Amino acid sequence: MTHDRHPDVAEAVEGERRLHDPAVRLSADLAEALFDPEFVEVGASGRRWTRAEMLAALPGLHGGADGPPIVATAFAGTVLAAGLVHLTYETVIDDRHARRSSLWRRGPGGTLRLYYHQATPVPA
């Protein structure tokens, strides 16, 4: 069941959009606050990223200050359990289209942070 109007879904979408903001991608402090300590990503390339690897690479990845913007659409969210949100959405970066899935979980500090992310390329 989707809960697109649930406040936790809105908070997760806002966090995802902040991660697409070049200012956040270029700031270690702003980005770090959005990633769960146990964060893992499986990128569109199939590469597995840890939190430390993603934080180190984020300023130079797409969506940074010099690269093409990330255009994200079609957000949908489901509250899986208290403090656990599953988001799906699509992105276009230049001519690359991907379907994305994220899990956001509420930590001890009370905010939702990105716990898991996966991107799947969409063929042209």
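Reply: Let's start with the words: helices (H or I, at least four residues) and strands (E, at least two) are DSSP runs, numbered from the N terminus, and two strands pair if DSSP finds at least two bridges between them. Keep in mind that this is a predicted model, where local features need pLDDT of at least 70 and side-chain atom pairs count only at pLDDT 80 or more, while totals for chains, interfaces and linings use all residues. Residues are numbered from 1 along each chain as its sequence is written, and side-chain values use heavy atoms, with hydrogens and water left out.

Now find strand E1, at residues 35-42. On one hand, E1 runs parallel to E6, and four bridges join them; Val 40 has Tyr 116 of E6 as its bridge partner. On the other, E1 pairs with strand E2 (residues 48-50) in the antiparallel sense, over three bridges. E1 and E2 make a hairpin with five residues between them, and in its turn Gly 46 has a positive phi of about 95°.

Stay with Trp 49 for a moment. The charged end of Arg 47 sits over the ring of Trp 49, 3.7 Å from the ring's centre. That label needs NZ of Lys or CZ of Arg within 6 Å of the ring centre and within 35 degrees of the ring normal.

There are also two aromatic pairs in the structure. Phe 35 and Phe 39 make an edge-to-face one, 4.6 Å centre to centre with 70° between the planes. The rule here: rings of Phe, Tyr and Trp (its six-membered ring) pair if their centres lie within 6.5 Å, with planes under 30 degrees apart counting as stacked, over 60 as edge-to-face and the rest as tilted. Phe 35 counts as buried because its relative accessibility is 3%, and Phe 39 is buried too, at 2%; buried means under 20% relative accessible area, exposed over 50%, partly exposed in between (1.4 Å probe, protein chains only).

The other pair is Phe 75 with Tyr 89: the ring centres are 4.5 Å apart and the planes at 20°, so this pair is stacked. It links distant parts of the chain, Phe 75 in E3 and Tyr 89 in E4, 14 residues apart. Tyr 89 is buried, at 3% relative accessibility.

E3 (residues 71-81) and E4 (residues 84-93) pair in the antiparallel sense over eight bridges, and Gly 77 stands opposite Leu 87 in E4. Their hairpin has two residues between the strands, and Gly 83 takes a positive phi near 80°.
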